[in-house]
Amino acid sequence: MISSYPCLYSFRRCPYAMRARLGILFAELQVELREITLKNKPPQMLAISPKGTVPVLQLLDGTVIEESREIMIWALAQRDSQGLINAETLLEANALIDKNDNEFKYWLDRYKYADRHIEMTQTEYRQKGGAFLQLLEELLTKNPYLLGKSVTLADIGIVPFVRQFAHVDRDIFYSLPYPNLQRWLQDWLSHPLFLQSMTKFQPWQEEDEVVIFAKTSYKGFDDC
(Lines give C-alpha, C1' and ligand atoms only; values in the text may rest on other atoms or scores of the structure.)
Protein backbone atom coordinates (compact mmCIF):
# COMPACT_ATOMS: atom_id res chain seq x y z
CA MET A 1 0.00 0.00 0.00
CA ILE A 2 1.28 3.49 -0.90
CA SER A 3 1.37 5.91 2.00
CA SER A 4 0.59 9.61 1.77
CA TYR A 5 2.55 10.35 4.96
CA PRO A 6 6.22 10.96 5.71
CA CYS A 7 7.87 7.63 6.51
CA LEU A 8 9.69 7.09 9.82
CA TYR A 9 11.97 4.09 10.28
CA SER A 10 12.21 3.46 14.00
CA PHE A 11 13.26 0.97 16.65
CA ARG A 12 11.18 1.08 19.80
CA ARG A 13 13.98 0.81 22.38
CA CYS A 14 16.49 3.12 20.70
CA PRO A 15 16.69 6.40 22.68
CA TYR A 16 17.40 8.39 19.51
CA ALA A 17 14.26 6.97 17.92
CA MET A 18 12.32 7.67 21.13
CA ARG A 19 13.20 11.37 20.98
CA ALA A 20 12.17 11.54 17.33
CA ARG A 21 8.81 9.94 18.10
CA LEU A 22 8.29 12.32 21.02
CA GLY A 23 8.94 15.29 18.74
CA ILE A 24 6.37 14.01 16.26
CA LEU A 25 3.82 13.42 19.02
CA PHE A 26 4.27 16.85 20.60
CA ALA A 27 3.90 18.36 17.12
CA GLU A 28 0.63 16.45 16.67
CA LEU A 29 1.76 15.12 13.31
CA GLN A 30 1.15 11.84 11.53
CA VAL A 31 3.80 9.69 9.90
CA GLU A 32 3.95 6.20 8.52
CA LEU A 33 5.91 4.20 11.07
CA ARG A 34 8.11 1.30 10.00
CA GLU A 35 9.44 -0.58 13.01
CA ILE A 36 12.70 -2.35 12.20
CA THR A 37 14.87 -5.00 13.76
CA LEU A 38 18.54 -4.13 14.08
CA LYS A 39 19.64 -7.57 12.90
CA ASN A 40 17.54 -7.42 9.73
CA LYS A 41 17.38 -3.83 8.52
CA PRO A 42 15.05 -3.38 5.55
CA PRO A 43 16.74 -2.63 2.22
CA GLN A 44 14.28 0.23 1.70
CA MET A 45 15.78 2.02 4.72
CA LEU A 46 19.37 1.28 3.71
CA ALA A 47 18.67 2.60 0.21
CA ILE A 48 17.84 6.06 1.57
CA SER A 49 20.20 5.99 4.55
CA PRO A 50 23.20 3.68 4.06
CA LYS A 51 24.56 4.39 7.54
CA GLY A 52 21.86 2.03 8.78
CA THR A 53 20.92 3.71 12.06
CA VAL A 54 17.54 4.87 13.27
CA PRO A 55 15.64 7.07 13.26
CA VAL A 56 15.35 7.92 9.57
CA LEU A 57 12.54 10.11 8.26
CA GLN A 58 11.73 10.36 4.56
CA LEU A 59 9.50 13.29 3.65
CA LEU A 60 6.97 13.24 0.83
CA ASP A 61 9.29 15.23 -1.43
CA GLY A 62 12.01 12.59 -0.96
CA THR A 63 14.08 14.57 1.54
CA VAL A 64 15.73 12.26 4.07
CA ILE A 65 16.40 13.38 7.65
CA GLU A 66 18.85 11.03 9.37
CA GLU A 67 19.50 12.70 12.72
CA SER A 68 17.10 12.46 15.65
CA ARG A 69 17.52 16.07 16.76
CA GLU A 70 16.81 17.27 13.24
CA ILE A 71 13.65 15.16 13.15
CA MET A 72 12.47 16.74 16.42
CA ILE A 73 13.17 20.23 15.08
CA TRP A 74 11.51 19.45 11.72
CA ALA A 75 8.39 18.19 13.49
CA LEU A 76 8.13 21.12 15.88
CA ALA A 77 8.72 23.57 13.03
CA GLN A 78 5.44 22.30 11.57
CA ARG A 79 3.50 22.76 14.80
CA ASP A 80 4.69 23.69 18.28
CA SER A 81 1.57 24.59 20.21
CA GLN A 82 3.29 24.03 23.59
CA GLY A 83 6.35 26.13 22.73
CA LEU A 84 9.05 23.47 23.11
CA ILE A 85 11.30 25.52 20.85
CA ASN A 86 11.68 29.17 21.76
CA ALA A 87 14.40 31.75 21.36
CA GLU A 88 15.02 32.08 25.09
CA THR A 89 15.92 28.42 25.69
CA LEU A 90 16.98 27.04 22.30
CA LEU A 91 20.70 27.79 22.66
CA GLU A 92 20.82 26.24 26.13
CA ALA A 93 18.68 23.29 25.02
CA ASN A 94 21.03 22.51 22.15
CA ALA A 95 24.07 22.81 24.42
CA LEU A 96 22.51 20.40 26.91
CA ILE A 97 21.61 17.92 24.16
CA ASP A 98 25.16 18.21 22.80
CA LYS A 99 26.52 17.28 26.23
CA ASN A 100 24.08 14.37 26.41
CA ASP A 101 24.98 13.07 22.96
CA ASN A 102 28.71 13.68 23.01
CA GLU A 103 29.63 12.98 26.64
CA PHE A 104 26.90 11.25 28.63
CA LYS A 105 26.03 8.73 25.90
CA TYR A 106 29.67 7.56 25.86
CA TRP A 107 29.56 6.64 29.56
CA LEU A 108 26.01 5.33 29.31
CA ASP A 109 27.02 2.78 26.67
CA ARG A 110 29.94 1.60 28.77
CA TYR A 111 27.83 1.43 31.91
CA LYS A 112 25.15 -0.61 30.12
CA TYR A 113 27.65 -2.91 28.40
CA ALA A 114 30.41 -2.96 31.02
CA ASP A 115 31.27 -6.57 30.17
CA ARG A 116 32.38 -5.36 26.73
CA HIS A 117 34.49 -2.50 28.12
CA ILE A 118 36.69 -4.04 30.76
CA GLU A 119 39.03 -1.06 31.08
CA MET A 120 36.89 0.13 34.01
CA THR A 121 34.31 -1.38 36.32
CA GLN A 122 30.58 -0.88 35.87
CA THR A 123 30.55 1.21 39.03
CA GLU A 124 33.24 3.49 37.64
CA TYR A 125 31.31 3.92 34.40
CA ARG A 126 28.18 4.76 36.38
CA GLN A 127 30.11 7.36 38.35
CA LYS A 128 31.44 8.91 35.15
CA GLY A 129 27.91 9.21 33.81
CA GLY A 130 26.85 10.65 37.14
CA ALA A 131 28.53 13.97 36.35
CA PHE A 132 25.84 14.69 33.75
CA LEU A 133 23.08 13.40 36.01
CA GLN A 134 24.28 15.81 38.71
CA LEU A 135 24.06 18.68 36.24
CA LEU A 136 20.46 17.71 35.46
CA GLU A 137 19.68 17.37 39.17
CA GLU A 138 20.94 20.91 39.78
CA LEU A 139 18.81 22.28 36.93
CA LEU A 140 15.76 20.49 38.32
CA THR A 141 16.22 21.98 41.79
CA LYS A 142 15.28 25.33 40.23
CA ASN A 143 12.40 24.33 37.97
CA PRO A 144 10.14 21.35 37.27
CA TYR A 145 11.67 20.94 33.81
CA LEU A 146 15.26 21.20 32.68
CA LEU A 147 15.14 24.76 31.43
CA GLY A 148 12.17 26.30 33.15
CA LYS A 149 8.57 25.95 34.15
CA SER A 150 7.51 24.22 30.94
CA VAL A 151 8.81 21.39 28.80
CA THR A 152 11.38 22.24 26.13
CA LEU A 153 13.34 20.48 23.42
CA ALA A 154 15.93 19.58 26.09
CA ASP A 155 13.46 17.48 28.08
CA ILE A 156 12.26 15.32 25.19
CA GLY A 157 15.77 15.14 23.75
CA ILE A 158 17.36 13.85 26.96
CA VAL A 159 14.76 11.82 28.83
CA PRO A 160 15.17 8.65 26.70
CA PHE A 161 18.84 8.49 27.64
CA VAL A 162 18.24 9.04 31.36
CA ARG A 163 15.61 6.30 31.14
CA GLN A 164 18.14 3.95 29.57
CA PHE A 165 20.71 4.76 32.25
CA ALA A 166 18.18 4.21 35.04
CA HIS A 167 17.04 0.89 33.60
CA VAL A 168 20.53 -0.63 33.70
CA ASP A 169 19.87 -1.10 37.43
CA ARG A 170 16.71 0.58 38.70
CA ASP A 171 17.44 -0.15 42.36
CA ILE A 172 20.80 1.57 42.17
CA PHE A 173 19.48 4.52 40.19
CA TYR A 174 16.70 5.24 42.66
CA SER A 175 19.14 4.99 45.56
CA LEU A 176 21.33 7.75 44.14
CA PRO A 177 21.06 11.31 45.51
CA TYR A 178 19.06 12.69 42.58
CA PRO A 179 15.53 13.21 43.98
CA ASN A 180 14.55 15.86 41.47
CA LEU A 181 15.89 13.91 38.52
CA GLN A 182 14.11 10.78 39.74
CA ARG A 183 10.83 12.71 40.05
CA TRP A 184 11.31 14.20 36.56
CA LEU A 185 11.99 10.78 35.06
CA GLN A 186 8.97 9.22 36.78
CA ASP A 187 6.75 12.03 35.53
CA TRP A 188 7.95 11.38 32.01
CA LEU A 189 7.56 7.61 32.23
CA SER A 190 3.88 8.10 33.10
CA HIS A 191 3.30 10.91 30.60
CA PRO A 192 0.63 9.95 28.04
CA LEU A 193 2.76 11.00 25.08
CA PHE A 194 5.74 9.04 26.33
CA LEU A 195 3.53 5.99 26.83
CA GLN A 196 2.20 6.46 23.30
CA SER A 197 5.72 6.78 21.95
CA MET A 198 6.51 3.34 23.40
CA THR A 199 3.63 1.51 21.70
CA LYS A 200 4.81 -1.86 20.42
CA PHE A 201 4.61 -2.60 16.70
CA GLN A 202 5.56 -5.68 14.75
CA PRO A 203 8.64 -5.35 12.52
CA TRP A 204 7.65 -3.86 9.19
CA GLN A 205 7.29 -5.99 6.06
CA GLU A 206 6.76 -4.49 2.62
CA GLU A 207 3.39 -6.18 2.16
CA ASP A 208 2.03 -4.90 5.51
CA GLU A 209 -0.75 -2.40 5.92
CA VAL A 210 0.48 1.13 6.57
CA VAL A 211 0.88 1.91 10.28
CA ILE A 212 0.06 5.53 11.09
CA PHE A 213 1.87 6.95 14.09
CA ALA A 214 -0.40 9.15 15.37
CA LYS A 215 -1.66 12.63 15.66
CA THR A 216 -2.86 13.44 19.15
CA SER A 217 -4.96 16.15 20.74
CA TYR A 218 -3.18 15.96 24.10
CA LYS A 219 -3.36 19.41 25.71
CA GLY A 220 -0.76 19.62 28.42
CA PHE A 221 1.88 18.14 30.67
CA ASP A 222 0.85 19.28 34.11
CA ASP A 223 -1.67 16.51 34.78
CA CYS A 224 1.10 13.95 35.34
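Q: What makes the charged end of Arg 110 count as sitting over the ring of Tyr 106?
A: Keep in mind that this is a predicted model. The charged end of Arg 110 is 3.6 Å from the centre of the Tyr 106 ring, and the cut-off is within 6 Å, plus within 35 degrees of the ring normal. Arg 116 does likewise over Tyr 113, at 4.1 Å from the ring centre.

Q: Why is the pair of Tyr 16 and Phe 161 called edge-to-face?
A: A search of the whole structure turns up nine aromatic pairs. In this one, the centres of Tyr 16 and Phe 161 are 5.0 Å apart and the planes are at 75 degrees.

Q: What does the pair of Tyr 16 and Phe 161 tie together?
A: Tyr 16 is in helix 1 and Phe 161 in helix 6, so the pair joins parts 145 residues apart in sequence.

Q: Is Phe 161 buried or exposed?
A: Buried: its relative accessibility is 0%, and the cut-off is under 20%. Tyr 16, at 24%, counts as partly exposed.

Q: Why is the pair of Phe 104 and Phe 165 called tilted?
A: Their planes are at 35 degrees, with centres 5.4 Å apart. Stacked would need under 30 degrees and edge-to-face over 60, so tilted is what's left. Phe 104 is in helix 4 and Phe 165 in helix 6, 61 residues apart, and both are buried.

Methods: Residues are numbered from 1 along each chain as its sequence is written. This is a predicted model: local features need pLDDT of at least 70, side-chain atom pairs count only at pLDDT 80 or more; totals for chains, interfaces and linings use all residues. Side-chain values use heavy atoms; hydrogens and water are left out. Rings of Phe, Tyr and Trp (its six-membered ring) pair if their centres lie within 6.5 Å; planes under 30 degrees apart count as stacked, over 60 as edge-to-face and the rest as tilted. Helices (H or I, at least four residues) and strands (E, at least two) are DSSP runs, numbered from the N terminus. Buried means under 20% relative accessible area, exposed over 50%, partly exposed in between (1.4 Å probe, protein chains only).
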